[in-house]
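I opened the model today to look up a few contacts and write down what I found. My entries follow the structure below.

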Amino acid sequence: MSTLNLGILAHVDAGKTSLTERLLYAAGAIDQIGSVDAGSTQTDSLALERRRGITIKSAVVSFVVDGVTVNLIDTPGHPDFIAEVERVLSVLDGAVLVISAVEGVQAQTRVLMRTLRRLRIPTLIFVNKIDRAGARQDDVLDAVREKLAPAIVAMGTADRLGTRDARATPFTAADGTFTAGLGELLAERSDAFLAAYLDDETVSYEALRKELAAQAQQALVHPVYFGSAITGAGVDPLIAGITELLPTDESDVDGPVSGTVFKVDRGPAGEKIAYVRMFSGTVRTRDRLELRGQEAKVTAISVFDQGAAVRGPSVGAGRIGLLWGLGDVRIGDAIGVPRAAGEHYFAPPTLETIVVPVRAADKGVLHVALAQLAEQDPLINLRQDEIRQEIGVSLYGEVQKEVIQATLADEFGLDVTFRETTTICLERPVGVGEAVEVIDKEPNPFLATVGLRVEPAPVGSGVAFRLGVELGSMPYAFFKAVEETVTETLRQGLHGWEIPDAVVTMTHAGYWARQSHAHGTFDKSMSSTAGDFRNLTPLVLTDALRRAGTRVEEPMHRFRLEVPADTLGAVLPALGRLRAVPHTPSVRGAAYVLEGDLPAAAVHELQQQLPALTRGEGVLESAFDHHQPVTGTVPSRSRTDLNPLNRREYLLRVLRRVPGRGTGDA
């Protein structure tokens, strides 16, 4: 049986969870449709999801239609949980993007579709809520064509919009306008089809549908369906489109084992459960798998079948399975043969906050709890400040903060508060700096010679470590210790912010070989170890950074703001106070459209001010776009580890950590 791993994506409140329920019901996987408002849906299983009526964690359900097993993944719609969506994208065969017929194309809709197109994920578009007052058809199609993708084709028409009797009627071969428009659209994207189309103006309807399926499966065109998840209108044509127009997985179950962990959860007893998409081969209970060099035994497996996950002996290629027994598993781990490393599809979090337990005695438990949450969402980037005894987390927005607070209370019995949310900046070297410390020469207390040169690197290139000395000039383990320490040290630059892009070259290297006393006993105090290089490298690299200088940059959002024309005079000064840089306004009917750049730190404040400035009619769309140098007071971030900026303090702490000598073992 063929398998289709299908993602349901949307802006929050467009109705994707309701659509998931309707699809399960139509396929016979459930007997009764759940309600988001009543908290009775299949995929919103968390108590917090049921209370708030939003999807927070991705969830998998399954149904069978026309001989195809569809693993349907319902994803969060709120932008604060975009990381959950990112993890799902790497395992999809196709997607359905849900749009409200009332609100139309919204900010998150554009972000999602832009990413789906970039990854060439075949995508159908479902315009939901045609039964709601204010539902539109032509305007929404125009907006989809203008803002999401020009190559769309409406697969039917809707009438009685805005009423409970609203219905969607699919086009057929008898609809000449539809077939003619479809033929022209397909011919624009295929030279072979264009030639056939020009040679024979009466291309059969079957040939049109076959070419539509071929181009939809290559993400060249995007079919659009209208309907209502609540009433069921238009859902049957959508189901037919899912099986006809999206590609199914035909991977080899007997091939080499290859899969990806895209979600990690915990069971009632605290055991880890890994959600795995299999791309090739078969994993069976009691199989031993290698994870990052460590072997782990699969103790149990569940696969999705007709709704929920059920226990089974194995999970094969194309399927999604739950694996137990992988105690150290992490999101992104490869099962078997690794696939090409995935990129980040969305920007990382740009905000952070300190989590403070209401009861001081809960600090230890809080760290354990947050570490478990970080297993499920690595991008919260848990930061432990050993000096101040504080714990920081990264955020996409304020709603995510509320969810963390509620989760800690519900699942761990912890009451917490948060410090003020601050922006996550980064640092970049502005010049070239070099430093060196030589073994057995003051002020170097370590048995190592390390020289480093640091220089700027292109944005997005990462940290590159290069050797300007012969690889054979000292043991490889010492070079490796320097490289690893360089990467770790650059997580906190001169102002405490990460340096994501830099070229670091090792210009000097030296060590003392293993030495013994006359009676032959090895004397560690006379011989270099990897610990010497780990302890010395931060001091040398920090000196090199001081000489190079660093620049702090803050995250900037690209915004689009639509406001009533008569409110523009109030909006522009507010944007100025928030350090926004708007471009020239454009007129759209009775409204002005403003686009420009806005500091990420000011987005939340603008969202709060906008209703009063525009009588509640202003619409703001924003998404991270780039970093730019900070003007005015340069923000600093407190360091969470040994501080090489203060040499005396650093050496005292290192020497205190390892009695008798400031080095660790190799």
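Entry 1. I looked up glutamate 437 and found it buried, because its relative accessibility of 8% is under 20%. The model is a predicted one, and I keep that in mind for each entry. The side chain of glutamate 437 meets that of arginine 647 in a salt bridge, with 2.7 Å from N to O. I then checked where the two sit: glutamate 437 is in strand β26 (residues 433-437) and arginine 647 is in helix α16 (residues 647-657), so 210 residues separate these distant parts of the chain. Arginine 647 is partly exposed, at 23% relative accessible area.

Entry 2. I asked myself which residue forms a salt bridge with glutamate 390. It is arginine 419, and the closest N and O atoms are 3.0 Å apart. Glutamate 390 belongs to strand β22 (residues 390-395), while arginine 419 is in the loop between β23 (416-418) and β24 (422-423), so the pair ties together parts 29 residues apart in sequence. Glutamate 390 counts as buried at 16% relative accessibility, whereas arginine 419, at 40%, counts as partly exposed.

Entry 3. I turned to the nonpolar residues. The largest nonpolar core has 47 residues, and Leu9, Val144 and Phe226 touch the most other members. Helix α3 (residues 82-89) gives the largest share of this core, five residues. Leaving out residues up to four places away in sequence, I found that phenylalanine 226 touches several others, including Phe126, Ile130, Leu141 and Ala233. A second, separate core of 45 residues includes Leu6, Ile8, Ala229 and Val235.

Entry 4. I traced an open sheet of six strands in the order β16-β15-β18-β11-β10-β19, with antiparallel pairing. Which strands stand at the edges? They are β16 (309-311) and β19 (334-336); each has a single partner strand, so one side of each is left without a neighbour in the sheet. From one strand to the next the twist averages 35°. β16 pairs with β15 (residues 300-304) over three bridges, and phenylalanine 304 has alanine 309 in β16 as its bridge partner. Helix α10 (residues 363-376) packs on the sheet and touches β10 (258-266) and β11 (272-280). The direction of helix α10 makes about 145° with that of β10.

Key. Residues are numbered from 1 along each chain as its sequence is written. This is a predicted model: local features need pLDDT of at least 70, side-chain atom pairs count only at pLDDT 80 or more; totals for chains, interfaces and linings use all residues. Side-chain values use heavy atoms; hydrogens and water are left out. A nonpolar core is a set of buried Ala, Val, Leu, Ile, Met, Phe, Trp, Tyr and Cys residues joined through side-chain atoms within 4.5 Å. Buried means under 20% relative accessible area, exposed over 50%, partly exposed in between (1.4 Å probe, protein chains only). Helices (H or I, at least four residues) and strands (E, at least two) are DSSP runs, numbered from the N terminus. Contact means heavy atoms within 4.5 Å. Two strands pair if DSSP finds at least two bridges between them. Axes are lines fitted to C-alpha atoms, for helices over the stretch in contact, and angles run from 0 to 180 degrees between N-to-C directions. A salt bridge is a side-chain nitrogen of Lys or Arg within 4 Å of a carboxyl oxygen of Asp or Glu.
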